[in-house]
Amino acid sequence: TAMAYPASIQDPQLRAGFVAAIAGRLAGKDAQKAADWLSGISDAESQSRSARRVAEALAAQDSTAAASWLRTLNPEAQAEAARGIIPNMSSSDIAGTANWVSSLNGIPNYDRVVEEFVWSCDHRAPEQSAAWIQGIADEAQRIRLYHRMLGEWARRDPGAVRNWVANNNVPPGVANRFRK
């Protein structure tokens, strides 16, 4: 009954909130049932608000199945689902996750997917993580991410960051900060 209730709500924000609450609770009990239910909802906003939580629950069981499920969602919800899948997927296969993230290029909010990937592997593979930042289309977001990610890496290994910056094409302001 609860799963049918959101369809009767006219206000899109309120409906999306109910879907998110139901999907979150259901994902904790039966991730596949939550995924199937969410895929059947045509409202992109409702899917987007719930996709990450459901994807996290699915990926905890099977990242490959979660990645396939993502394609059943509206394009607007796929980035949120990807952000829920990436941490689990990259924990066991950074290179495979990188290939999968590349396959999502072109979906709405792809920059957020790339940023999630950067943070998911920044401690284990900082060179690869930093290289992915150039894939962020929004220049301001790209520069902020360079500063944040390289700044954290510099606290752990300043020499490695200086070397990476010297050997890669980064914006001048970023290069100046980390060449010191």
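The model is a predicted one, so local features need pLDDT of at least 70 and side-chain atom pairs count only at pLDDT 80 or more, while totals for chains, interfaces and linings use all residues. Residues are numbered from 1 along each chain as its sequence is written, and side-chain values use heavy atoms, with hydrogens and water left out.

Let us start with helices H3 and H4. Helices here are DSSP runs (H or I, at least four residues), numbered from the N terminus. Two packed helices are described by the angle between their axes and the distance between the axes. Helix H3 covers residues 44-61 and helix H4 residues 63-70; they pack at about 145°, and their axes are 6 Å apart. Each axis is a line fitted to C-alpha atoms over the stretch in contact, and the angle, on a scale from 0 to 180 degrees, is taken between N-to-C directions.

Which residues of H3 and H4 make the contact? From H3 come Ala51, Val54, Ala55, Leu58, Ala59 and Gln61, and from H4 come Ser63, Ala66 and Trp69. Contact means heavy atoms within 4.5 Å. Sorted by class, this contact has 7 nonpolar residues, 2 polar ones and no charged ones. In this sorting, Ala, Val, Leu, Ile, Met, Phe, Trp, Tyr, Cys and Pro count as nonpolar, Asp, Glu, Lys and Arg as charged, and the others, Gly among them, as polar.

Stay with H4 for a moment. Its buried residues are Ser63, Ala66, Ala67, Trp69 and Leu70. Viewed down the axis of H4, these buried residues fall within an arc of 160°, so they line one face of the helix. The arc is that of the directions from the helix axis to the C-beta atoms. Buried means under 20% relative accessible area, exposed means over 50%, and partly exposed lies in between (1.4 Å probe, protein chains only). The buried residues of H4 pack against H3 and also against helix H2 (31-39), helix H5 (75-92) and helix H6 (94-103).

Now for the charged side chains. The whole structure holds 7 salt bridges, where a salt bridge is a side-chain nitrogen of Lys or Arg within 4 Å of a carboxyl oxygen of Asp or Glu. One pairs Arg15 with Asp43, their closest N and O atoms being 3.4 Å apart. Arg15 lies in helix H1 (residues 12-29) and Asp43 in the loop between H2 and H3, so the pair ties together parts that are 28 residues apart in sequence. Arg15 counts as buried at 18% relative accessibility, and Asp43 as partly exposed at 21%.

Next, find Arg83 in helix H5. Is Arg83 buried or exposed? With 12% relative accessibility, Arg83 counts as buried. Arg83 forms a salt bridge with Glu80, with the closest N and O atoms 3.1 Å apart. Both residues lie in helix H5, 3 residues apart, about one turn of the helix. Glu80 is buried too, at 14% relative accessibility.

Arg83 also meets Glu116 in a salt bridge (3.5 Å, N to O). Glu116 belongs to helix H7 (residues 110-120) and Arg83 to helix H5, so this pair ties together parts 33 residues apart in sequence. Salt bridges that share partners join Arg52, Glu56, Glu80, Arg83, Arg112 and Glu116 into one network.

Definitions and conventions:
Helix = DSSP H or I, 4+ residues; strand = E, 2+ residues; numbered from the N terminus.
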